[in-house]
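The sequence and the model are shown first, and the description follows.

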Amino acid sequence: MDVTPLVPRGRQVIQSYGGGGFLVSGERHTGSLLVFPTATAPLDVAIWPDLTAGHLAAVFAAEPSVEVLLMGCGPQIRPLDPTIRSVLRERRIGIELMDTGAACRTYNVLMAEDRRVAAALIAVD
């Protein structure tokens, strides 16, 4: 029995991660990424502590608006800078912090459910 979730056409699916990048809908990306249901963009951050609210400008500008932002912190969960947390709350964007692998898997599930989700993913080796 096939248990692969049905994915609407044109949606970005995270197929794999590791080796310093990601495979998203058949395209290899090196480095950290922002992934949305219909687009993927580079995230110019190599390590979690360097992330700022400015790196998330595409999330804030997304149309339709992002309902939940999954934040893949790298190989392990890390605390979120209080300034970033405050900016996300002001914009009514839910936040879920997890390791990058868990964020990739969770993104795929929520995207397949047609949720307004995005993922900010720090690349792992």
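In this predicted model, helix 3 covers residues 100–112; its 13 residues reach 18 Å from the first C-alpha to the last, close to the 18 Å expected at 1.5 Å a residue. At its start, a side-chain oxygen of Asp 99 comes to within 3.1 Å of the backbone nitrogen of Gly 101. Just after the helix, Asp 114 adopts a positive phi of about 65°.

The buried residues of helix 3 are Thr 100, Gly 101, Ala 102, Ala 103, Cys 104, Tyr 107, Asn 108, Leu 110 and Met 111. Against which strands do the buried residues of helix 3 pack? They pack against strand 1 (14–18), strand 2 (21–24), strand 4 (33–36), strand 6 (68–72), strand 7 (94–98) and strand 8 (117–121).

**Nonpolar cores**

The largest nonpolar core has 21 residues, and those with the most contacts inside it are Leu 51, Leu 56, Val 59, Leu 69, Met 71 and Leu 88. At least two residues of this core come from each of strand 4, strand 6, helix 2 (82–90) and strand 8. Apart from this core lies another, of 17 residues, including Leu 33, Val 35, Val 68 and Ala 102. With residues up to four places away in sequence left out, Met 71 touches Trp 48, Leu 51, Leu 56, Leu 80, Leu 88, Ile 95, Glu 96, Leu 97, Met 98, Ala 103 and Ala 120.

Strand 4 and strand 5 (residues 39–42) form a hairpin, with two residues between them. The pairings of strand 4 are set out below.

| Partner of strand 4 | Sense and bridges | A bridge pair |
|---|---|---|
| Strand 5 | antiparallel, four bridges | Leu 34 with Ala 41 |
| Strand 8 | antiparallel, three bridges | Leu 33 with Leu 121 |

**The protein as a whole**

The protein has three helices and eight strands, which follow the pattern β-β-β-β-β-α-β-α-β-α-β along the sequence. Its radius of gyration is 14 Å, close to the 14 Å that the globule rule gives for 125 residues, so the protein is as compact as a globular protein of that length. The C-alpha trace spans about 45 × 30 × 20 Å along its principal axes. Of the 125 residues, 42% are buried. Among contacts with a separation of 6 or more, 64% are between residues 24 or more positions apart.

Technical notes:
Residues are numbered from 1 along each chain as its sequence is written. This is a predicted model: local features need pLDDT of at least 70, side-chain atom pairs count only at pLDDT 80 or more; totals for chains, interfaces and linings use all residues. Side-chain values use heavy atoms; hydrogens and water are left out. The expected span of a helix is 1.5 Å times one less than its number of residues. Buried means under 20% relative accessible area, exposed over 50%, partly exposed in between (1.4 Å probe, protein chains only). Contact means heavy atoms within 4.5 Å. A polar contact is a pair of N or O atoms within 3.5 Å; within protein, one must be able to donate a hydrogen and the other to accept it, and residues adjacent in sequence count only if both atoms are side-chain atoms. A nonpolar core is a set of buried Ala, Val, Leu, Ile, Met, Phe, Trp, Tyr and Cys residues joined through side-chain atoms within 4.5 Å. Two strands pair if DSSP finds at least two bridges between them. The radius of gyration is taken over C-alpha atoms; the globule rule is 2.2 Å times the number of residues to the power 0.38.
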